[in-house]
Structure formats: structure tokens, C-alpha cells
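Dear colleague,

A written account of the findings follows it.

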Amino acid sequence: MTATPEQQTTTQTALRPVGGGGVVVVERKQPRQSYGQGIAKGMGVVIRHFAKSFTTRIDDKSDQVGMFTVEYPEERMELPEAYRNMPILLYDDKTGQELCTSCFQCERICPPKVIHITQAKDPNTGKPVPAAEEFVIEYDSCMSCGLCHEVCPFDAIKMDHFFELSTHDHLSMDRNKAVLDRPISYYQAIAPNLWAAVEANAMKKLQNNIKRRPGNIGVAPHMIGKAQKALPTAGAGGARPAAGARTAAPVAAMGKNMPPEKVERLKSIRAANAAKRGGAVPSAEETLLAASAYTSATASPESGLHTAESDAGLAPSPATTPAPATGPVAAVGQNMAEDKKARLEAIRAAKRAQRGDE
Amino acid sequence: MRAMWEFFFGVGWFATLLSYITITTAILISGSLIMMLLTWIERRGLAYMQDRKGPNRVGPFGLLQPVAEAIKTITKEDITPTEADRWVHFLAPVVILASTVAAFAVIPWGNLIPVDINVGVLYIVAISAVHTVGILMAGWASNNKFALLGGMRGVAQAISYEIPQVISLVAIVMLVGSMSVVDVIQHQMDPYGNILSWHIFTPVGLLAFVVFWIASLAEGERPPFDNPEAESELVAGYMTEYGGMKFAVLFLANYLTNFAICAVTAGVFLGGGNGPGSDIPILGTLLSVIYFLAKSLGLFFVMVWIRGVVPRLRTDELMHFAWKFLLPLALVNIFSTSLWIAITRWGAEQGMGVAEALGEPGSIARLAVAWLVTGVINVVAFFVVARINATRGITTYQATPTAV
């Protein structure tokens, strides 16, 4: 650019008011202090602070004079709502259902990569379920950036206000789901406004997700057995689901996506499982049957255990929520004779299913 | 047996030795206790000036904090740098502490005084100057640039400020007519009433006090004259390479120097242990000790107060201040002191026939005239010297607008 000197000058003059490096002259009441006036003034200010520190406390942050020390272990300052320390997971107070759907957004965005999620799978189908099987955060390497909390589309991961984390036990800083889980009411207590802003959306999403979680999958570990069966009452926009939908849901889900033979087979597996639990020791034949039935599902002992658990969770209230498709299962556990009957029926069903496949 | 008893207690030498040892022990113990108290006053005082609490956890009001720190420093490892001059490095804290403690020999604790020597004031000035040698030893022997710089600064500063300090004391010595510390204190009880007889309440004494106090702050390396150990520039100055108990000794010496300064100032300008009832035989001694401690600790609080207000001087400003401001004032003060003496005490014999007209030596009229004359001289001198310094003495830097 070729600009004449005049042009340059005008440009710079025009820029000046915006702060283009000009010297700002501040008018003061006493333009010049000499003969120790400045020191005398300073001494006055300091002794005023000294005297006021004994009598007053700074409460308002705009106060200039007074004691500002908060003697920490005894006194605590109120933390701002948006204060963030370490991430925690939320679950619904009533049902114990976690808000996390293991979408892996937080794991991806985490800058130090300290979040590790295992997605839960339906033990029957082996299909992923919108819930976290395990959720580990390495607190020792977490940098409290809060990105996980910001990115979470289900408002499942939030930043805690608890900061007294020092410990001698390094390994205890790897926090798993059981330790990370907090009820929504806890978060509501520490950040009421923040939660109110997202509550409706979060609860709506949670309801939709619960429908796709069989058994106790997605329930906070310590809430299993204690949780109510009812769905969480949604905030503003949540639709109230029909009673008993939850128990029926897995079966309904099966029916939607699978061929009828498969549904049949799954039913038989359920029955077999129930029989296994009911009977003392599963015979070799039964085991074989069960194994053959788990064609597509993972047969790891862990998932097997999970199934048993989920059944146990369902068992207490079969009468209130009768599900026709799981009729044989519901009968299980009342007495031995019926139990045996059911087992036989299950075996038959399994054989039928096998034949059907062939 | 009886002969042995006679040998030890019949003759004076053993009893004298015993009494001296007792007094020395008492001074050393009370010195350590005073140092603990001073650190506490300093830290809590500064804290309250800065709107915070300060150490308040160990013991009541945090008074035992220095004990905790003493235990910590004692248990720490004693480190001497490999390249250091081992013996000088070891001796430096000893020299510094010894010279400081020796000054306490003539400092009166109210009516109690360890030794009353007839050159007490001179002795204090002389013996406290020895600690300059210790500072240089510490700075040199550490073989560390920070330490050496700190040591050099300490020496330069101490030598410069000794001059206004001593000359301001000369004025008091002229007034008293004796160098004995006891005489100086006695002189302040003499003529009229009680509190107004303190030297600080005369124009001459006030100016001497101001100069002496400022120079003493520099002598004791108190902020704003703490250049020898300026944390932001020199780590810890000549104390950089000291740790554990040696550092504790240097620290102790530092605070003892400060206390000695306060005690001398209290004695010379504030009447020492003088106060209401301090001349009653036995109770008066106790009272005088209390008065003395109150005055000294009050002065120490002023030290802390100044520390809380004034930022550290640049080294060249420091020198300017000593040579161009304090020294002229101290010299003018000697002149007005001689005028004061001439007006209040001299008669026709000494060539002051004019003053005879005002009344007897020591009369109110002569005092009033002396007050007026010396007051005017001192105030004018203060403003003239300050004015000269403000306009052409100390270089002041003005922010010049950058070329646009």
C-alpha cells in the first residue's frame, strides 16, 4: 500500500480514541506530593486497614476494608453453582436409572483421555443397550476442564463441587460407576438453576432410554433391588408412560426387530435360565441346551450372572405387571412342582426352536 | 574447707564472674524470647494490615508459631556449599550474633542496666557496626553471586547510614553532656514534668529522632531498606547459602538488632523506662521495665507499619537518601542543638549576655525562645533539603510520550 504521509497521520488520529497507543493523562487532585506526604498518606491507609481488620469482615466483594480471610476447615465459602471440580454420574432418585447411555461422547472429547466406558449389552440378544456396563474416570489425571459435562447430550455427567480428594491410596483415584453415581437430587442441591435448565430434556431422554434397558441394566449398582418400579415422573415435557410398560418392553422390543423363530428361541432361553436358577444343579443336557440356545448372545459367565440378577429384580412383582409373553417365567419360583413343569416346558420349547431352525 | 569457701566467696572475683554469667544468660534467654515475640508481632501485624489473619494455629493466637519454627530449623540439615570458604561461612553468623548481643550490654531495661560505661552511646554505635563485617563474611564465604551482592549492598548501606545515625546522636550527646546511656535517660527526667521532658518533644530531638530512626532502619536492614536481602532480586541476599540452625542464628541476630534499635531509640528519645511511678524504689523498677518494653515494642510496631507501607528503595536512591537528605539534616541539627544549648544554658561568661536578659538559665522564657529558634531552623532546613532533593537531587524518571 502506498499512502501519503498525510493519509497515515489522519488514519492514526482517527484510531486514537479507540486506544491506539496514545498517552492518557489522568488528572489527580494532588498532582505532586513531596516532603513525605505520600508516605504519610500511605501510613494512614495501612493503619486504617489494620484497625478495621479487627472489627469488620469483608462480606460484599466490593468492600475494600475488613478481614477477608475465611478460615477454611472451620468456615467454608459458598461455591458458585458453575464451580466444577470432578465429573460425576447422575441417576434418577426413584428408579435408580442412570442417565448415561454410553454414547462415548465424553470419552471422545476428554483431553487427557481419562474416561473409559464399557457399553452394556442385552444378555439375551447381545445387542448394545443404551446404558453403561462400567464407567471409569481416572480422577488423578482429570484436569477438570468440564468438557465431558458440556458435551453430554443426556446431561448424565456433571461436575461435582466436592474437592477434598486427597488420599494416600493412588488406585482409589480410579473411580468406577459405583463410586461416581450420585442421585439427581444431589446435583439439584449443589446447582439448582443449572439442573432446572436441563431437567425436562434430560428426563424425557431418560424415559426413552429406560424403555430399551432390559432388567437392571443401567440401574445404579447400589440402587438395585431398592429402586421403585415406576418410571421417573418427567419434568415439564415428559410423557407419562403406561404402567407395566417397562416389564413388557424387552419382549416388545424383541417382537419388533426379530423374526418369530428368534423370539420363540429367546423365550425358551429365558425359560431355561429361570429353570437353571430354580433347579438345584443343571444337568448336562440342560447346559448343552442352554449353550446351543445362546447362539448369538455372549455366553460369558458375567452376562449370565447379569441375567439372573435382572430376573431377580423382576421377580418380586409379577402379579402387578403380568406379561403374557413371559408367563412361564413368572410362575417360576413358587414351588418345586411348578418349577419342574416349567423346566420341562422350557426344554421342549428349546427343542422346538432348534427344530424350527433346522 | 573454710579456706576454699573464702577463696571462692570471700574474695570478689568469683561472685563478680557469677553475676556476669547470670546477667549474660538472662540477656540471651530474654533475647530469644523477645525475638520470638517480635516475629509474631511482625507477622500478625502485617497480616492485619493486609486484611488477613496471619499465623493463628499454633498455641493461643499463634504465639507458639516461633517455637514450632525453631524446632523445624534445629532439626534441619546443616549445609555448607562445597565451594564455600568453610570457616568464614561458619563464623559469619557467629560474628553477626555476637556483635548484636554485645550491644545489649549497655542497653538499659528500664532502671536495670547490665553495665553502665561512660561511653555507652559510642559503644553501641561501634559494636553494632561490627556486624557489617559479619555480613561481608557471609556474602563472600558463600561463594554465591546473590550472597556476594547482598553482602556488598549490606556493607555499603551500613557504612552510609552510620554517618547520619551517629551525627544525629551527637546532637543528643551535646544536649546531655555525657555519653553514658544512664545519663541520657536521667537527663530526660530532669527539668520539667514527666513526658514533655523526653528528647523527642524538642525540635532538636525530633529531627534527631527522625534521622536516627530512618538511619537505624537501614542499619537493621528493615524494609524499605532491606536491599541486602531483597527477596525479589537476591533470593535472600547474604543469607542465601545458609540453612538450618545457621540461618536461624542469622534470623535471630536480625531481630535482635531490630530490638536493639528500638530499645536505643526508646532510651535516647522516649525516656527509656521513665513513666509515672518509675522512681519508686522497688515497684518502680518493675514499672520501668514495663514502660521500656512497651515503648520498644511500640517502636517495633512502627517498624512493621513502615514495612507495610513503603516499597523497597532502589540502591542508588538509598545512597542519595543517606548522603543528600539525612546527612545535611543531621548537620543542621547539630547547629540548632548548639543554639539551643547557648540560648537555654549559657550566660554572659560564655558570651551570651543577650540571653541573660530573658532570665535565668533554664527559665521558661529562654526555653520558649530556644524552641522557636531551633524549631524554625529545623523546619526550614527540612523543607529546603527536601525541595532541593525533589527538584535536582534524586533523578526522577518521567514517562515520556512515545513518538507517534
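In which sense do strand S3 and S5(A) pair, and over how many bridges? Strand S3 (residues 128-138) of chain A pairs with S5(A) in the antiparallel sense, over two bridges. Strands are DSSP runs of E of at least two residues and helices are DSSP runs of H or I of at least four, both numbered from the N terminus; two strands pair if DSSP finds at least two bridges between them.

Some conventions come before the rest. The model is predicted, and local features need pLDDT of at least 70, side-chain atom pairs count only at pLDDT 80 or more, and totals for chains, interfaces and linings use all residues. Residues are numbered from 1 along each chain as its sequence is written, while chains are lettered from A and ligands numbered from 1 in the order in which they are written.

Chain A

Chain A contains 13 helices and six strands. Taking the contacts in chain A between residues at least 6 apart in sequence, 75% join residues at least 24 apart; a contact requires C-beta atoms, placed from the backbone, within 7 Å.

The pairing described above belongs to an open, antiparallel sheet of three strands in chain A, in the order S2-S3-S5. Strand S2 (115-121) and strand S5 (174-175) of chain A are at the edges with a single partner strand each, so one side of each has no neighbour in the sheet. A:Glu138 is placed opposite A:Asp174 in S5(A).

Helix H7 (residues 192-210) of chain A bends by about 55° at A:Glu199, the bend being the angle between axes fitted to the seven residues ending at a residue and the seven starting there. The buried residues of H7(A) include A:Trp195, A:Ala202 and A:Met203.

The contact between the chains

In chain B, 14 residues are in contact with 18 residues of chain A. On the chain B side, the elements that give two or more residues are helix H2 (12-49), helix H12 (283-309) and helix H15 (364-393). That side divides into ten nonpolar, one polar and three charged residues. Here Ala, Val, Leu, Ile, Met, Phe, Trp, Tyr, Cys and Pro count as nonpolar, Asp, Glu, Lys and Arg as charged, and the others, Gly among them, as polar.

Chain B

The axes of helix H4 (residues 86-103) and helix H5 (residues 120-129) of chain B come within 8 Å and cross at roughly 170°. Axes are lines fitted to C-alpha atoms, for helices over the stretch in contact, and angles run from 0 to 180 degrees between N-to-C directions. H4(B) is therefore roughly antiparallel to H5(B), a label for angles over 145 degrees. B:Ser99, B:Ala102 and B:Ala103 of H4(B) make the contact with B:Ile124, B:Ile127 and B:Ser128 of H5(B).

The peptide bond from B:Pro223 to B:Pro224 is cis, with omega near 10°, and B:Pro224 sits in the loop between helix H9 (203-219) and helix H10 (231-234) of chain B. B:Phe61, although not a glycine, has a positive phi of about 55°; with 13 C-beta neighbours inside 10 Å, B:Phe61 counts as partly exposed. B:Asn143 also is not a glycine and has a positive phi of about 55°, and B:Asn143 lies in the loop between helix H6 (131-141) and helix H7 (145-176) of chain B.

With kind regards

Terms used
A residue is buried if 20 or more other C-beta atoms lie within 10 Å of its own, exposed if 12 or fewer, and partly exposed in between; C-beta atoms are placed from the backbone. Two residues are in contact if their C-beta atoms, placed from the backbone, lie within 7 Å. Angles under 35 degrees count as roughly parallel, over 145 as roughly antiparallel, 65 to 115 as roughly perpendicular and the rest as oblique.
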